[in-house]
Amino acid sequence: MGREKRKTRLEKASSETSGGEFIGFSAFSTEQSISGSLNPTSQGNFRFSPVYTGGDKILSILFKKIGQKKDGSTKAKALTELISFFENDSKSRKEQVKALEHFIFIYHSKLNYDDFSSVRCESLHAIASAKSRLPKAWKALADQEPEIMGMIWCSSCDPSMEVKIASQKLCELASEDMWWNGLWLYVSRILSYHRPKNMNQDLFTRRDDDTPLTDSEREQLDERFDRLVVTSIRGLTMWIKKFSELGEDLSSKYDNFIRDQILWKTMTNSRSSFRRASYQLLGIMCQHAKSVVYGPLGSESLPKLLPSIVAQEKSAANVPSLFEVLLLYLKFGNSDGIKLEELMKPVNKLLKKACYSASPALWGPTILP
């Protein structure tokens, strides 16, 4: 059941993106814009494979360890052996392609979400080795499922330093294949999971939905959910900061792609880490994606949302990012829609909390410009 669900998601994503324009790093190399497109290439006979269809018995054993074992060290060791297989010039390219078709399926459905940083790191090293050895096969598979490139990009914001480094190196190698479309597909899907259980049911579960989770399982789901959502938001933040909109060029506007309010929902999430990452994203978008923030999408919701966010924020660690985004929002675009009197009351209350209930009239002139 779980395997069929993952296969359906892959086929659906492939059908949705097969006729669209894919925007790649090559288009940004000189203009640093989100405009441009990557012409679709022939995919030949390369296909994602839920099962290993090659004839190498050693690989059959390795893939069982990679895809079915729970122990992180076992999976990481098997991935290291798979890397050696991809780097071995004496191996048949046909067998290597069969291995890549199955490995990419496992990466998309399991390894990207793995709880062990060593597994995520070795998975990225395996992708780099396979891409170097089999560039045409890799390109065809990436064309079929651009979301994989979004996974790789967001991995550069992983909490593990070894995963960050592996992702950054791979992003350099994959610069011609990295698509904005894949990043947005991946980020929007991750943000659509409102709870850890929703994510787990969609990605991993093979048992009855009513089966109760143990405390350790629930904690594991929470940690994974937090990591994936935060890295997705930070990955999008990093992209928009790197590839800003270009002046009046309508083709380079982010509002051509971001057309729903899913990005604002995490600003009201009960998790402090989600809100902080979302504030940072909005601050970057105020500067580099103005068409979204100050266009119809942002103008419809942000003037009402920001005062309520200020009034509800309880985490002291989030306050600096929140104040920064307020200043950026007011500075970089048309903020006429927001009523300052509605904003000043919660801001005044928040500042009084920070200064032990003292009136801002007393301490304000000494620290404010």
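## A helix and its tryptophans

By about how many helical turns are Trp 180 and Trp 184 separated in helix α9? About one, because the two residues are four apart in this helix, which spans residues 180-191. The model discussed here is predicted.

Trp 180 and Trp 184 also form an aromatic pair. Their rings are stacked, with 6.1 Å from centre to centre and 10° between the planes. Trp 180 is buried, and Trp 184 is buried too.

## Rings across the chain

The structure holds 11 aromatic pairs. One of them joins Trp 153 and Trp 239. This pair is edge-to-face: the centres lie 5.1 Å apart, and the planes make an angle of 75°. Trp 153 sits in helix α7 (residues 147-155) and Trp 239 in helix α11 (residues 215-242), so the pair ties together parts that are 86 residues apart in sequence. Both Trp 153 and Trp 239 are buried.

Ring pairs also build a cluster. Its members are Trp 153, Trp 180, Trp 184, Trp 239, Phe 243, Tyr 254 and Phe 257.

## Where α4 meets α7

Helix α7 has a crossing with helix α4 (residues 93-109). Their axes come within 10 Å and cross at roughly 60°. The two helices are therefore oblique to each other. The crossing is left-handed.

From α4, the contact uses Ile 104, Tyr 107 and His 108. From α7, Glu 147, Ile 148, Met 151, Ile 152 and Ser 155 take part. By class, five of the contact residues are nonpolar, two are polar and one is charged.

Methods
Residues are numbered from 1 along each chain as its sequence is written. This is a predicted model: local features need pLDDT of at least 70, side-chain atom pairs count only at pLDDT 80 or more; totals for chains, interfaces and linings use all residues. Side-chain values use heavy atoms; hydrogens and water are left out. Rings of Phe, Tyr and Trp (its six-membered ring) pair if their centres lie within 6.5 Å; planes under 30 degrees apart count as stacked, over 60 as edge-to-face and the rest as tilted. Buried means under 20% relative accessible area, exposed over 50%, partly exposed in between (1.4 Å probe, protein chains only). Axes are lines fitted to C-alpha atoms, for helices over the stretch in contact, and angles run from 0 to 180 degrees between N-to-C directions. Angles under 35 degrees count as roughly parallel, over 145 as roughly antiparallel, 65 to 115 as roughly perpendicular and the rest as oblique. A crossing is left-handed if the near helix is turned anticlockwise from the far one by less than a right angle, and right-handed if clockwise. Contact means heavy atoms within 4.5 Å. Ala, Val, Leu, Ile, Met, Phe, Trp, Tyr, Cys and Pro count as nonpolar, Asp, Glu, Lys and Arg as charged, and the others, Gly among them, as polar.
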